[in-house]
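Please look over the sequence and the model before reading on.

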Amino acid sequence: MKLKYIQIMVAALLIVSCNAQNFREVKVDNPSFHPNTIFSGYEDLTVSKFNALKDKYQLDTIFHGETNELKRILLLRNWIRTHIPINDPGPHPGNGSAESIIDEGLKGNGFHCGHYMAVQNAVMNAYGYVTRCLGSGPGGIEGEDGHHGINEIWLNSYGKWFLSDAKYNSHFEKNGIPLSALEVRDEYLKNKAADIKRVKGPERIPADYDEEYKNSKEHFARTYAYIEWDKYNTKYTDWPKDSSILIMYKDDYFTKHPWIWDHKPHWAYKTNHMIPVAERQAIEWTPNVISSKVTIKGNTAIIGLNSNTPNFKTYQMKELPGDEWKDVPDKVEVKLKEESHQFLFRSINLENVAGPEHKVLIKRE
């Protein structure tokens, strides 16, 4: 009897083992997640002045019906440039706010690069595109001097930052991909930007030599030999406050070649206003990008989500194929029934702009 009992138990265990549902997560190529560790704050879209800005200028009519994210951004940038004339020396009327600059520009008054930077920052953030303010300069290379104000805008569709110059309505690309400020700098320091293109306007028209401003692609790329990022990303909501804390990328070039501005080292050297950062990923952190942690227990997967999403509204999920996007919390529990499950996740901000898609793939072993 004892032997028969043991045989029955062994048979039962074999049946359970055959029916066990063993699943595992399969690693996939998702956009890299780099947390924000050195920048402070972001433009808070719940502040009433953002709605006032949109109501006043109705700029959503500029990109109405356009679904391509980059094209929408370029249409907004083009509106800024075509409605604000350039006048570097001034005078610059108004009180310096983004609205004042636009209003005076609509009257025909001109402004310099810093004004374009402030307006582009306000407008792009208002429509949910994470945007930050930068300064740059050639640093005395080959006798050139000066300073230029521009922006970087996070492209969810590409999963990267791109340098956007509102004053000249232009940016740089390589193999059709818009480049960040550091990527432009890399290309200039490598071979004077020989391998990249400068493009203008919403149609991205090549402008290796700019007939309008009578300067070469190399001249424009040289402007980014030295770059500083504003530590505090609240230029519009905190206006007219100016923090003047500058983040700079500390590589060999930064160490060996001081930034010359107005024929002398940049004013922020050896002060508390300059913060050199050696970690490139800290500068090029990834807004809206999701990282996940998957825990599998039997036929149940628990998926935890994390992101640095300014003006976060919700996460969304859908299962492929054919599912619809639906709002989910930052911890999702799903039942595993098929041989393979593919889940897509994305973050959504208060302007309903979606972050890059993040895939979770789970298969039965």
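Helices (H or I, at least four residues) and strands (E, at least two) are DSSP runs, numbered from the N terminus. The model is predicted: local features need pLDDT of at least 70, side-chain atom pairs count only at pLDDT 80 or more, and totals for chains, interfaces and linings use all residues. Residues are numbered from 1 along each chain as its sequence is written, and side-chain values use heavy atoms, with hydrogens and water left out.

**Pockets**

A 1 Å grid is laid over the protein atoms alone; a pocket is an open set of points where a 1.4 Å probe fits, with protein on both sides within 12 Å along at least five of seven lines. Lining residues have an atom within 4 Å of a point. Points are joined across faces, edges and corners, and a volume is the space filled by probe spheres set on them.

α6 (113-126) gives the largest share of the lining of the largest pocket, namely six residues. α5 (98-106), β2 (131-137) and β11 (226-230) each supply at least two residues as well. Nearest the centre of this pocket lie Met117, Asp230, Lys235, Asp242 and Ser244.

In the second largest pocket, the closest residues to the centre are His147, His148, Tyr168, His219 and Thr223. β5 (170-174) and α8 (217-222) each give two or more lining residues. β5 gives the most, with three.

The table sorts lining residues into nonpolar (Ala, Val, Leu, Ile, Met, Phe, Trp, Tyr, Cys and Pro), charged (Asp, Glu, Lys and Arg) and polar (the others, Gly among them).

| Pocket | Volume | Lining | Make-up |
|---|---|---|---|
| Largest | About 650 Å³ | 32 residues | 13 nonpolar, 13 polar, six charged |

Glu152 sits in strand β3. Its relative accessible area is 0%, so Glu152 is buried (under 20%; exposed is over 50%, partly exposed in between; 1.4 Å probe, protein chains only). A polar contact of 2.9 Å links the side chains of Glu152 and Arg132. Such a contact is a pair of N or O atoms within 3.5 Å; within protein, one must be able to donate a hydrogen and the other to accept it, and residues adjacent in sequence count only if both atoms are side-chain atoms. A polar side-chain atom of Glu152 also lies 2.8 Å from the backbone nitrogen of Ala181.

Asn156 is in the loop between β3 (148-155) and β4 (160-164). Asn156 counts as buried because its relative accessibility is 7%. Its side chain makes a polar contact of 2.8 Å with that of Asn288.
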